[in-house]
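Visitor: I would like to go through this model with you, one point at a time.

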Amino acid sequence: MKNHFKVFLSALLLICITDLVQAQRLFTRSANVSFDATTNSSLEVVDAKTNTGTLVIDVPTGQVEAAVLMKSLLFEKALMQEHFNENYIESSKYPKGVFKGKLDDATKVDFTKDGSYKANVSGDLTMHGVTKKVSAPVTFTVKGGKVAAHTDFAVVLKDFNIDIPSVVSDKVAKEAKISFGGDLEELKK
Amino acid sequence: MKFNRIFSLFAFLSFAVALPAQDDLLSLVGEPEAPETHAIATFKGTRLINFHTLEVPGKRTLDFRIAHRFGSFNSGWYDFYGLDGGASIRLSFEYSYDGRLAVGIGRTSLDKMFDGFVKYRLLRQGDKSKPWVSVTLFSGMYYTILKDPNKDANGYDKYEHASSRISYCHQVIVGRKFNEHFSLQIAPVMVHYNQVQDFSDNNDVYLLTAAARYKFTKRLAVTAEYGWRFWDYTRTKYYDSFGIGLDVETGGHVFQVHITNSLGLAENQFYARTNNKWANGGIRLGFNISRVFTL
């Protein structure tokens, strides 16, 4: 009898564990992403946006992965978009921008309790065929069981082999500001 | 003992299921959905050398173009191989509100020609899927304000009726961007002259044209265009228009430099009435500058 009880207990425990693991993945496929390379001196806004960014967070391990299709980034000016895809980011050769990293202090964030949490994420950003280590602060906002994430960081375009010709150096910034954010849902599998 | 064994088995199984998937979290939610995209920049501008390409200015884009052709190389040392005279210039504006329908106006110095045209992108080549080609329709109307130089000698004005000053050009441009480097377009062309030069001339001229570019760096491409006049329409000696060029892209504008045997810059001039030939150096240096404004 006692043994049976123990088997039952461990089975229950197992269900709890697997349930916990499965419920603890958060994701979105409609993250707002912007890529801004406007210079201070220029009137011309070099800013692309999309709301089709993908983000997945594995809560127990703090693993974070995000991806953006370069062609989904839309500029206001048609020619700017053509140049972005053809000459700078070369989207047919390098269609995606991917980040794979980890929350440095995942334990500080309680996804079940309302509040605003600041954490740091660091990992590898792959863009234009080049992979670089990046680190960025992330803000998680938990409200009524809903989790939202947001991050802002800057990348030096030269680091990713994206060169800015001198004739447009006053119009295209050397550093691009990237923002990424969205409302996360639980990933059910 | 038994409990421990069972427990560890379960524990192992549960982790075995949970762990491997964590290596690639993104695959759990599937690939980001590709937006419906078209092949971009099949050609670098709305014109290749003289010929219209299948490109139409982007949304709310005004394209201001300056085209210039020097005199021919065979004019010799005295005219410094075409630099001194016999040049022609064309200024034009093209605008598209939706990136599909474009309207344009232009003025060409040769024959004091005004023109207006409509261009419509009927079909856009898909990025990776169908359709395999882009199709653009073009219709232009040309009006010369030239005075009849032989009016007094002939005793009549050949431009007595304003309609005699008008000609038309229609084309269906079919093209494909095969890869990042190579694009090709084929266009059947029809030119109609309300008034011809000789009694035996045809009012209608049909041509088959081809234009291609090979992009060899991010910002440089070589281009070529050829118009085959398979139609017998005149007794005057004319030649097929042929040009080769280089597209240079510099940030906000495209600079095109080329060598062509055509002097005229309007469709009713270079397609059917190119009167210089490559063989005897009847070619000239030319350039197009395009500057776009978003309105």
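Visitor: In what order do the 12 strands of chain B close into a barrel?
Guide: This is a predicted model, in which local features need pLDDT of at least 70, side-chain atom pairs count only at pLDDT 80 or more, and totals for chains, interfaces and linings use all residues. Residues are numbered from 1 along each chain as its sequence is written, with chains lettered from A and ligands numbered from 1 in the order in which they are written. Strands are DSSP runs of E, at least two residues, and helices are runs of H or I, at least four, numbered from the N terminus; two strands pair if DSSP finds at least two bridges between them. In chain B the pairing is antiparallel, and the barrel order is β1-β2-β3-β4-β5-β6-β7-β8-β9-β10-β11-β12.

Visitor: What is the average twist from one strand to the next?
Guide: Axes are lines fitted to C-alpha atoms, and angles run from 0 to 180 degrees between N-to-C directions. From one strand to the next, the twist averages 20°.

Visitor: Which residue in β2(B) stands opposite Arg69(B)?
Guide: Strand β1 (residues 61–72) and strand β2 (residues 88–96) of chain B pair in the antiparallel sense over 9 bridges. The residue opposite Arg69(B) is Ser88(B).

Visitor: Why does Asp159(A) count as partly exposed?
Guide: Asp159(A) lies in the loop between β8 (146–156) and β9 (172–186) of chain A. A residue is buried with 20 or more other C-beta atoms within 10 Å of its own, exposed with 12 or fewer, and partly exposed in between, the C-beta atoms being placed from the backbone. Asp159(A) counts as partly exposed because its C-beta neighbours inside 10 Å number 15.
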